[in-house]
Each structure stands twice: as structure tokens, then as C-alpha cells.
Amino acid sequence: MSKTKSTYFCQSCGNQSSKWLGKCPACGEWNSFVEEVVSSGKEEKKPYQKNSKKPIPQSISDISFEKESRINTGMEELNRVLGGGMVSGSVILVGGEPGIGKSTLMLQMALKIKGLRILYVSGEESGRQLKMRADRIGIENQDCLILNETSTNEIFRHIGEVEPNMVVIDSIQTLHTDVLESSAGSISQIRETAAEMQKFSKITNIPVVLIGHITKDGNIAGPKILEHMVDTVLNFEGDRHYGFRILRSVKNRFGSTSELGIFEMNSSGLREVTNPSELLLSQRDENVSGVAIAAMIEGQRPMLIEVQALVGPAAYGTPQRSATGFDTRRMNMLLAVLEKRSSYKVSTKDVFLNIAGGIRVDDPAIDLAVIASVLSSAEDIPIGNNVCFAAEVGLSGEIRAVSRTEKRISEAEKLGFEKIIVSKYSLKGIEKQNYKIEIVAVKNIQDIVDELF
Ligand code: TYD
Ligand code: MG
């Protein structure tokens, strides 16, 4: 018999009710009632808690932890995004749009990890569907166990029996706990089942991966506190029309959030892209105008990315501006700077901007390449495919230094570029003669106009 009981609480004023209400009689808020568990009484032991003790306060210096507490996931890109492997006892939430490849990524990981027993719990797909997917991925693994179940009680019972080293839940929105009446996928169910999973993970030190759906506006469906409850939040994103998939860490208690993992979806699962530059630059043999290469750094990894611009006279009164893979507001700002601080005028022109490969970038070092591609397209003069750029552009038209310029220069040199244009202010400590590549330093936006044409 369950010793827990649930009530409904208004999320806005805390008013309590024994049944669900559409409008809170106390504060007048609509749709604010959410089912919550109250008075668990004496909690029954879960099957996985065979011999666990209640935690007691202890000195932080007495707490021991083993050095090897990170699990190698068998996938370099995933390890990198997690900060060097999966930490034991951590809860990882993987979000992404439907069909982007979350299940594929996690199943592939489960199949690739050697020597650990992994329980893959799927509430979305049948065992047969998962087997078909595993066949496509093409890896055999006896230690990867599949369970079709959505009730947390049952899942914990099975965990108690098979004693896995890692648990994957596909997806958190399909789970339900018996202590709540609301249907699977509701806010209260998501919160409660995630809390149960988190507790399980902390008590047993077994990592749990939760796959989560996202809503139309790109947030993980469910209460926002879901993201607070877990240790790591990863976003799996990409453009449906390109094969590339990017795994980005949004929150990570055990590593940096600036790391990117790049994958390519092909007919046999996800392929890890360990050298993104080659891939992002591959489709370019002719010298066309409107193309500039930016030397970027995402996380710890340098990569070269192609920026494409198309500039033409506005066909209708108001010029059109649109950007793919780049913040439109930032583009408008850069165009305004160009207009005001250089001899070049763009206010009557349509500007379309595209970052090749469907990759969205955050590194400000792309600014100069954006400006250069716009200028190149407007003048219809190709930049030359042996030149790249790495600098931020400020509001007064100054070309600003970016972090780790040496790393960018070395990467560009390694990939056969002959010239890199950087800010004059980022040359401190850089010996030009140590590089084969020509390093050109510019100070302001007019310099770049002069340099290019
Ligand atoms: P899936 O992992 O089911 O996505 P999610 O769990 O995020 O909803 O993604 C599957 C998509 O990937 C589907 O459109 C088919 C495609 N796919 C491949 O192209 N190659 C493969 O080897 C596999 C397994 C899937
Ligand atoms: Mg799926």
C-alpha cells in the first residue's frame, strides 16, 4: 500500500486544494494548480536501497571520492561536452527537438561503452524498434539491456534486480509515478519522477541520463526546476537539412559549458566529427565573392567557419536583413557600424547572411568575417580562399582583440591558410616571424575596407 498522498497546490500563492481547480479562489490565478506529493509518512525502502545508510553530517575534508569517478562514454565528442566523461552519480538531461537523434545518441553510447551494464529504459519505442536502431548503428553489446516500462516503481524494481552501472531514461515525459494521479508528461509527474531519479542516482552513485522533449520555443518541456535538479543539461541541436548535429552543454556542474560536440547523422548512426574545420570548409573550390572564413574557438577547440553574405540593392523600399546561424540583432549592429564608421554605405541594401553548415556560433571573433563577407559581396570582389579573420568589432568601429589568438593563428596555419587578419591589440606576445602564415593587424573598420580592396 502506498503511504504517500497528493494534494493540489496553487503555484502562485500556495493555496491548497484536494482537487484540481482551474482558477485559484485565493489569488485568482488561472491554471496554477499542480499536483504535489505530501506527507510521505514513513518512507518505504526502494529496491535499490538494499544496504544504504541515512546520510549524516561529516567534515568536507573527510569525504573521500575515487579519482576514476568519470565514465568513458566511448564517444570522444560526448566525453568532451561532459567535461571529460560522465561523472558517477550525476544526472544528465539531454534535450532536443523530435527526430534530432537523442535516442540514437544515447543508444549508440550504451552500445559503445564496454564492460559496464547499461539499462536503457524506453517508454517511447518497443524493443523491436530499438533492436532495428541498434542494427543500423551496427554494434553488438551483451551488456546493454532494454526495458520497456514507464512506471518508476517498476523501473526501480528492475534496477534492484539487474544492478546496472548506468541508466538511460527515454524519455522523462513518458515516466509516471504511482503516488500522483495526473497523467505522464504533466508538470507534477515530470518533477516527481525526475526527483525520484535524482535521489536514486545520489544514493547509489549510478549516473542517470534523462532524455527530454523540448517545447516549441526550445525549452525542455516541463517545469523549469527540472534543469535545476539535474547536474548537467545538454542540448542536441542541428539543422534537419544538414547532417550535422551539435551537442552543447547548457549547464554542467562538472565542466565548462562552452564545449561543443559535433556529429554527423548518416545511415549507420552518428559519426563523430573530430576535425570540424575540414568539414565546414570542404564545399569551396572556386573563389566567389561574399565568402569569408572566421577562425573561431568553441570551448577549447579551434575551428574555421565559413560566413556567406549576399548584398544587393533593396528591391522594395525597405531593405531586407536576414541571418541564418547568426544573431540578427548582432548583424544589424555590425551593419550600422559599417555604415557609420567606414566609407561604405549599406543602408539601402538587402543583406542576407548565412553561417555554412547550419552551425550557430557564439564566439564574437566571427564579427570581422561577417563584415568582410558583406563588403566582399557588396563590391563583388572575392576575398581569396587563403585568408581568414579573427576579431570582434566594437560600436565605434574599432577592431577588438579576442581570446587565444595564438591558437586561432596556429589552426589557420595548420589548415593551409596564408593570411590571417586580427586586431592590432591581440598581437601582444605573438612573434610574427614564428609563423609561416602572414599576420595582418588592423585597428579599425576603415583599415579593413582598405586592406580588402
Ligand atoms: P531519433 O534518435 O529517433 O531522434 P529523437 O530521439 O531525438 O526523437 O532520431 C532518428 C532520426 O535519425 C530519424 O529521422 C532517422 C535518423 N537516423 C539516421 O539517419 N541514421 C541512423 O542510423 C539512425 C539510427 C537514425
Ligand atoms: Mg527518441
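The structure is a predicted model, in which local features need pLDDT of at least 70 and side-chain atom pairs count only at pLDDT 80 or more, while totals for chains, interfaces and linings use all residues. Residues are numbered from 1 along each chain as its sequence is written, chains are lettered from A and ligands numbered from 1 in the order in which they are written, and side-chain values use heavy atoms, with hydrogens and water left out.

**Domains and cores**

The protein chain is divided into domain 1 (5–39), domain 2 (71–274) and domain 3 (278–452), with bounds that come from an automatic or database domain assignment. The centres of domain 2 and domain 3, taken over C-alpha atoms, are separated by 37 Å. Across this pair, 16 residues of domain 2 are in contact with eleven residues of domain 3, where contact means heavy atoms within 4.5 Å.

A nonpolar core is a set of buried Ala, Val, Leu, Ile, Met, Phe, Trp, Tyr and Cys residues joined through side-chain atoms within 4.5 Å; buried means under 20% relative accessible area, exposed means over 50%, and partly exposed lies in between, for a 1.4 Å probe and protein chains only. The largest nonpolar core has 47 residues, and those with the most contacts inside it are Phe326, Ile366, Leu368 and Phe389. Helix 9 (residues 367–379) gives the most to this core, with seven residues; helices (H or I, at least four residues) and strands (E, at least two) are DSSP runs, numbered from the N terminus. Domain 2 and domain 3 both give residues to this core, so it lies between them. Leaving aside neighbours within four places in sequence, Leu368 is in contact with Phe389, Ala391, Val393, Ile399, Ile421, Val442 and Ile448. A second, separate core of 31 residues includes Met86, Val209, Phe236 and Leu247.

**A pair of helices**

Two packed helices are described by the angle between their axes and the distance between the axes. Helix 2 (residues 102–112) and helix 3 (residues 127–137) pack at an angle of about 70°, with axes 10 Å apart. The axes are lines fitted to C-alpha atoms over the stretch in contact, and angles run from 0 to 180 degrees between N-to-C directions. Helix 2 and helix 3 are therefore roughly perpendicular to each other, a term that covers 65 to 115 degrees, whereas angles under 35 count as roughly parallel, over 145 as roughly antiparallel and the rest as oblique. In this packing, Ser103, Thr104, Leu107, Gln108 and Leu111 of helix 2 meet Leu130, Arg133, Ala134 and Ile137 of helix 3.

Most residues other than glycine have a negative phi, and most peptide bonds are trans.

| Residue | Phi | Relative accessibility |
|---|---|---|
| Asn31 | about 55° | Asn31, 60%, exposed |
| Asn205 | about 65° | Asn205, 43%, partly exposed |

Asn31 is found in the loop between strand 2 (16–17) and strand 3 (33–38), and Asn205 in the loop between helix 5 and strand 10 (208–213).

A cis peptide bond, with omega about 0°, joins Asp170 and Ser171. Ser171 lies in the loop between strand 9 (166–170) and helix 5 (187–204), and at 0% relative accessibility Ser171 counts as buried. Leaving aside neighbours within four places in sequence, Ser171 is in contact with Glu124, Ile211 and His213.
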